[in-house]
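Colleague: I'd like a close look at one part of this model. Please keep to the charged pairs and their surroundings.

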Amino acid sequence: MYIYFCGSIRGGRQDVQIYQTIVKKLQTFGKVLTEHVSHNEVTDKGDPDAETVGDKFIHDRDLEWLTMADVIVAEVTQPSLGVGYELGRAVAMKKRTLCLFRPSSGRSLSAMIRGAQDGHVIQVMDYDPQQIEDLLDQYFNTLNQSPEGHLK
């Protein structure tokens, strides 16, 4: 299974440790195409080689990965234009998508994210960092039991 992980890069890197926990757990379910989002070397300026490869390359590469992905997992607590764009594209592609939000952040999740939830293709889960691994187990176990056998 190919998994596309979304997390804020240029919108702020405050949650990189949480991204690391999520990506490590996601790797137990399949290949994480965007594991670099969890790397400490990635700053709010972007990937260390972003200046070399350019924004167009990053956009096109990431859209290719998004197209390849069987499932999208997004940590949406830190507002990010890039994550919002990726989620919009994922919805248009009808990709199975899980959005993770921490209410303890004191933020409110955008109505455009929470309102897109349909309980099947798009799911939003509020979480506490201590329960993230259990929530991911629950989500992927449900996916693996779905009638769409290609997600197994």
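What is the relative accessibility of Arg 114, and does Arg 114 count as buried, partly exposed or exposed?

Modeller: Arg 114 has 31% relative accessibility, so it counts as partly exposed. (Buried means under 20% relative accessible area, exposed over 50% and partly exposed in between, with a 1.4 Å probe and protein chains only.) This is a predicted model: local features need pLDDT of at least 70, side-chain atom pairs count only at pLDDT 80 or more, and totals for chains, interfaces and linings use all residues. Residues are numbered from 1 along each chain as its sequence is written, and side-chain values use heavy atoms, leaving out hydrogens and water.

The side chain of Arg 114 meets that of Asp 126 in a salt bridge, at 2.9 Å from N to O. (A salt bridge needs a side-chain nitrogen of Lys or Arg within 4 Å of a carboxyl oxygen of Asp or Glu.) Arg 114 sits in helix α5 (residues 111-114) and Asp 126 in strand β5 (residues 122-126), twelve residues apart. (Helices are DSSP runs of H or I, at least four residues; strands are runs of E, at least two; both are numbered from the N terminus.) Asp 126 is partly exposed too, at 39%. Elsewhere, shared partners join Asp 15, Glu 75 and Arg 102 into one network of salt bridges. Glu 75 belongs to β3, where it is buried on one side with Val 71 and Val 73.

The structure holds seven salt bridges. Another of them pairs Asp 137 with Lys 25, again at 2.9 Å between the closest N and O atoms. Asp 137 lies in helix α6 (residues 132-144) and Lys 25 in helix α1, so this pair ties together parts 112 residues apart in sequence. Lys 25 is buried at 15%, while Asp 137 is partly exposed at 25%.
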